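Hello,

Here is the structure I promised to pass on. Please open it first, then read my notes below.

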Amino acid sequence: MATLEELTVEATAEIEAAKPMYKQVNNDRLEFTDADYAQAVTDLANSKWDTQQFGYIQARQEAYGSIGDQLDMQYKDILNDTTTWKDHIAQVKSDHPKPE
Amino acid sequence: MQGSLIKIDEEIVTSAVASISLLGIDSTYDVYMVKLNNFSSVTTGATPRVRVTKSSSADTTANYNYAAKQLRTDTTFGNNSNTNQTSWDILNALSSATGNIANGILYLFNFNNATEYSFVTMEITQRSNEGLHRGKQGGAVHTVASASDGIEFSMSSGNIASGTFTLYGLKK
């Protein structure tokens, strides 16, 4: 798991590689100021941090499937004495682990 | 009533830029409206970032709260909310693939009021970076009691590929 400092180094390299960057104001295309570039590094590092630390939450929500589909799995598990739903949930948790 | 929507600023992105600012909010109107049309991202999976501007510069302090319902065609609707962020995350991830664009309307309240927080309501329809149709409806607040004179759009990474961003005032 990368630290915020390590992600900031990564973000700095990416912003350096992306230069020149532009902003559009009053339909003028202006190159970023030094302050804009510094903010872009901070924003990108924070975004990477959020994805690393909390990205699993949305990834799990999407992978679990709808509640209706999960209820259908549970119903069929009861009828057939299977563990499809439990296995599915375990697989999703394993595929998208919570950072330690 | 005819002439009730007054265009104040419009930014048409035809060449990729990292951010766009819609400026010109003052005491002329109480409520402003932003129209997002065909908003797309250069980077697949990048999420639009929205900030208020103070004296034409984006406010990057951690005072952005939002809560929204995420409408989805592929699974159960979700909830998105957060507090004390450095921007509003009020759209879903985008990409530059054909059709993966966002369209929507934001209403801006109290932006010019120096003694109240700046509030936003939003209604977005889009095809996400996975090519799924999604929508978002909800609200956001910037918890700083000072006047905001505009709104800035950028991406969590990479550039805005295209889009027409228009700011209107709602005639009193």
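The lining of the largest pocket holds 11 nonpolar, 21 polar and 10 charged residues. Here Ala, Val, Leu, Ile, Met, Phe, Trp, Tyr, Cys and Pro count as nonpolar, Asp, Glu, Lys and Arg as charged, and the others, Gly among them, as polar.

This is a predicted model: local features need pLDDT of at least 70, side-chain atom pairs count only at pLDDT 80 or more, and totals for chains, interfaces and linings use all residues. Residues are numbered from 1 along each chain as its sequence is written, chains are lettered from A and ligands numbered from 1 in the order in which they are written, and side-chain values use heavy atoms, with hydrogens and water left out.

The largest pocket has about 1,300 Å³ of space. (A pocket is an open set of points on a 1 Å grid over the protein atoms alone, where a 1.4 Å probe fits, with protein on both sides within 12 Å along at least five of seven lines; lining residues have an atom within 4 Å of a point. Volume is the space filled by probe spheres set on the points, which are joined across faces, edges and corners.) Its lining counts 42 residues, and Asp50(A), Thr51(A), Gln58(A), Thr47(B) and Asp89(B) lie nearest the centre. α2(A) gives the largest share, 15 residues. (Helices, H or I, of at least four residues and strands, E, of at least two are DSSP runs, numbered from the N terminus.)

The second largest pocket has about 570 Å³. Of its 31 lining residues, Phe32(A), Asp36(A), Ala40(A), Asp43(A) and Ser19(B) are closest to the centre. Again α2(A) gives the largest share, here five residues.

β1(A) and β2(A) pair in the antiparallel sense over four bridges. (Pairing needs at least two DSSP bridges.) Gln24(A) stands opposite Arg29(A). Two residues sit between the strands, and Asn26(A) takes a positive phi near 50 degrees.

Now the cores. (A nonpolar core is a set of buried Ala, Val, Leu, Ile, Met, Phe, Trp, Tyr and Cys residues joined through side-chain atoms within 4.5 Å; buried means under 20% relative accessible area with a 1.4 Å probe, protein chains only.) The largest has 34 residues, of which Phe39(B), Trp88(B), Leu106(B), Leu108(B) and Phe153(B) touch the most other members. β3(B) supplies the largest share of this core, four residues. A second, separate core has 10 residues, including Ile15(A), Tyr37(A), Ala40(A) and Ala45(A).

Best wishes

Technical notes
Buried means under 20% relative accessible area, exposed over 50%, partly exposed in between (1.4 Å probe, protein chains only).
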